[in-house]
Amino acid sequence: MSHNLNIDKLDLQIISEMMNNAEISYADLGKKLFVSGGTIHVRMKKLQELGIVKGTKLHVDLKMIGYDVIAFIGIYLEKSSMYDTVAKELRKIPEMVRLNYTTGSYSMFAEIICKDITQLRRILHDELQKIKGIERTETLISLEESFYRTINVVE
């Protein structure tokens, strides 16, 4: 796939380094990869224009700012053809941070982050269950995130 997008090993190295530390300056990254900061700038612009790089994010310990519940919700649809409609409605729930269309037991699998169990219950009962097309759900509450990492894109 990287051949179709016209990206090379340097692009993948830049992606890999930036995925691990998006705060690194282009000059420092250039030194690390033995190219100029200007080259990094040009490559990053190209990666953004191709839609490969979609911005940078801050990794925050949400528990430290009051978000104590992370849950995963398996969603069964009445019909798989309702996916787009249901996904559009789920996008309106700000606590829902990730949604995947899946194979296996569930039609959809979502991640939701809440301040407490009361908020989770409200979202499940008052919002999720009222969406047309959702047959039923199964909720799994995360007790602990053991690790989080990015994929290594450089072979």
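This is a predicted model: local features need pLDDT of at least 70, side-chain atom pairs count only at pLDDT 80 or more; totals for chains, interfaces and linings use all residues.
Visitor: Which residues does the annotation "domain: HTH asnC-type" cover?

Guide: The unreviewed UniProt entry places "domain: HTH asnC-type" on residues 7–68. Helices (H or I, at least four residues) and strands (E, at least two) are DSSP runs, numbered from the N terminus. Residues 7–68 are 53% helix and 0% strand. The end C-alpha atoms of this span lie 40 Å apart.

Visitor: What does the domain assignment give for the protein chain?

Guide: Domain bounds come from an automatic or database domain assignment. Here it gives domain 1 (7–48) and domain 2 (60–140). Taken over C-alpha atoms, the centres of domain 1 and domain 2 are 36 Å apart.

Visitor: How do I read a pocket, and how much space lies in the largest pocket?

Guide: On a 1 Å grid over the protein atoms alone, a pocket is an open set of points where a 1.4 Å probe fits, with protein on both sides within 12 Å along at least five of seven lines; lining residues have an atom within 4 Å of a point. Points join across faces, edges and corners, and the volume is the space filled by probe spheres set on them. The largest pocket holds about 1700 Å³. It has 35 lining residues, and Lys-57, Leu-58, His-59, Tyr-148 and Thr-150 are the closest to its centre.

Visitor: Which element gives the largest share of that lining?

Guide: Helix 1, with 4 residues. Helix 1 (9–20), strand 1 (69–77), strand 2 (96–101) and strand 3 (108–114) each supply at least two. Domain 1 and domain 2 each give the lining at least three residues.

Visitor: How many aromatic pairs are there?

Guide: Rings of Phe, Tyr and Trp (its six-membered ring) pair if their centres lie within 6.5 Å; planes under 30 degrees apart are stacked, over 60 edge-to-face, the rest tilted. The count is 4 aromatic pairs. Tyr-76 and Tyr-106 form an edge-to-face one, 5.3 Å centre to centre with 70° between the planes. Tyr-76 lies in strand 1 and Tyr-106 in the loop between strand 2 and strand 3, so the pair ties together parts 30 residues apart in sequence. Ring pairs link Phe-72, Tyr-76, Tyr-106 and Phe-109 into a cluster.

Visitor: Are Tyr-76 and Tyr-106 buried or exposed?

Guide: Buried means under 20% relative accessible area, exposed over 50%, partly exposed in between (1.4 Å probe, protein chains only). Both Tyr-76 and Tyr-106 are buried. Glu-17, in helix 1, is partly exposed at 22%.

Definitions and conventions
Residues are numbered from 1 along each chain as its sequence is written. Side-chain values use heavy atoms; hydrogens and water are left out. UniProt positions are given in the numbering used here, feature names are shortened, and annotations may be inferred rather than shown by experiment.
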